[in-house]
Amino acid sequence: MRLILLAVVAWSASGCTTIKPVDGVRQTAVPTAFSHELLDRVLVTHVNEDGRVDYAALKAAPGDLDAYYLQLSRYSPDSHPDLFPSREARLAYWINAYNAAILKVVISHYPIAGVADVMPPAILFFMPEKSGFFLLQRVVFGGDATSLYSLENDLIRARFAEPRIHFALNCASIGCPRLPRRAFTAANLDAELDRETRRFLAEARNLRVDSTARRIYLSPLFDWYENDYLDWLAEQSGGGPVGLLDYIALYAPEGTRLADGEGPYQVEFLDYDWGLNDQAAAD
């Protein structure tokens, strides 16, 4: 069994692709602060109000994204903790890093219709669907390479007990939260995460209530990460009994009815749309 596991690890490693930064600028002195200004420019230029990305234009003119990714590859809260003195600064970095890395991986393979089009090598036929994108593409932060899957689950989710990240991280798919047109910031992170959570739940594709049928239809993000919401809510409430609808009620549009005299409505989870959040696909 050990030999089989080692073989699987070796095969998986052989199928990994590291997205290397475009090193067009020689490294000089370490900066005194980390700036997300370059990502701001990428987002305001290539993302529309619906959160869709003009991947064709971004691939044709990737200069700002390449420069930002180069910064990410050199500096991170792990490699240069002095640049990220607060929890908010560290979390804002990792959220922005994830969203920027997703853009970088997409344009490395574009044109594609969705993340599932980035396939593992044939020898890794046993790998799960979408592993070619989320597991086998490796991105570099502060000198260390990691997968998108590990970045989200082993780093961001593991280090920060903050369920609102699920409405800030964008995985290049239509079912994702909309990609904001500005980078997240340390100074305003709480308000920004609150804004994105409320914006997500204000869309019928993510929260829809049928009072007649007594049913609530939710994005599968609430199914996949249910424990993140409930663990946070339980801590806030001092360990009392909590349910998923208690979390929804905190951020749902005012007047949203989640229960009646007979009790809470039944929850059903919607299908997730893995199509690429491409402006061209929406035309």
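## Close-up views of a predicted model

**View 1. Glu-203 and Arg-178 form a salt bridge.** In this predicted model, the closest N and O atoms of Glu-203 and Arg-178 are 2.8 Å apart. The pair links distant parts of the chain. Glu-203 lies in the loop between α8 (189–201) and β4 (207–210). Arg-178 lies in the loop between α7 (148–159) and α8. The two residues are 25 residues apart. Is Glu-203 buried or exposed? Glu-203 counts as buried, because its relative accessibility is 13% and the cut-off for buried is under 20%. Arg-178 has a relative accessible area of 24%, so Arg-178 is partly exposed. The structure holds 18 salt bridges.

View 2. Glu-196 is buried, with a relative accessible area of 3%. Arg-199 is partly exposed, at 30% relative accessibility.

**View 3. Arg-214 and Asp-260 join a loop to a strand.** The side chains of Arg-214 and Asp-260 meet in a salt bridge, 2.8 Å from N to O. This pair, too, links distant parts of the chain. Arg-214 sits in the loop between β4 and β5 (215–218). Asp-260 sits in strand β6 (residues 259–260). They are 46 residues apart. Both partners are partly exposed: Arg-214 has a relative accessible area of 22%, and Asp-260 has a relative accessibility of 21%.

**View 4. Ile-156 sits in the largest nonpolar core.** This core has 79 residues. Ile-156 and Phe-222 touch the most other members. Which helix gives the most to this core? Helix α5 (residues 87–109) does, with 15 residues. Leave out residues up to four places away in sequence, and Ile-156 touches Leu-91, Trp-94, Tyr-98, Leu-151, Ile-165 and Leu-169.

**View 5. Helices α5 and α7 meet.** Two packed helices are described by the angle between their axes and the distance between the axes. Here the axes of α5 and α7 come within 11 Å. They cross at roughly 170 degrees. That angle makes α5 roughly antiparallel to α7, because angles over 145 degrees count as roughly antiparallel. On the α5 side, the residues are Leu-91, Trp-94, Tyr-98, Ala-101, Ile-102 and Val-105. On the α7 side, they are Leu-148, Leu-151, Glu-152, Leu-155, Ile-156 and Arg-159. How many residues of each class make up the contact? Ten are nonpolar, none is polar and two are charged.

**View 6. Asn-99 is a buried residue in helix α5.** Its relative accessibility is 5%, so Asn-99 counts as buried. What surrounds this residue? Leaving aside neighbours within four places in sequence, Asn-99 is in contact with Ala-168, Leu-169, Asn-170, Leu-179 and Phe-184. Leu-169 is also touched by Ile-156.

Notes:
Residues numbered from 1 in each chain as written. Predicted model: local features only at pLDDT ≥ 70, side-chain atom pairs only at ≥ 80, totals over all residues. Heavy atoms only, no water. Salt bridge = Lys/Arg side-chain N within 4 Å of Asp/Glu carboxyl O. Helix = DSSP H or I, 4+ residues; strand = E, 2+ residues; numbered from the N terminus. Buried < 20%, exposed > 50% of the residue type's maximum accessible area, 1.4 Å probe, protein only. Core = buried A, V, L, I, M, F, W, Y, C linked by side-chain atoms within 4.5 Å. Contact = heavy atoms within 4.5 Å. Axes fitted to C-alpha atoms, helices over the stretch in contact; angles between N-to-C directions. Parallel < 35°, antiparallel > 145°, perpendicular 65-115°, else oblique. Nonpolar A, V, L, I, M, F, W, Y, C, P; charged D, E, K, R; others polar.
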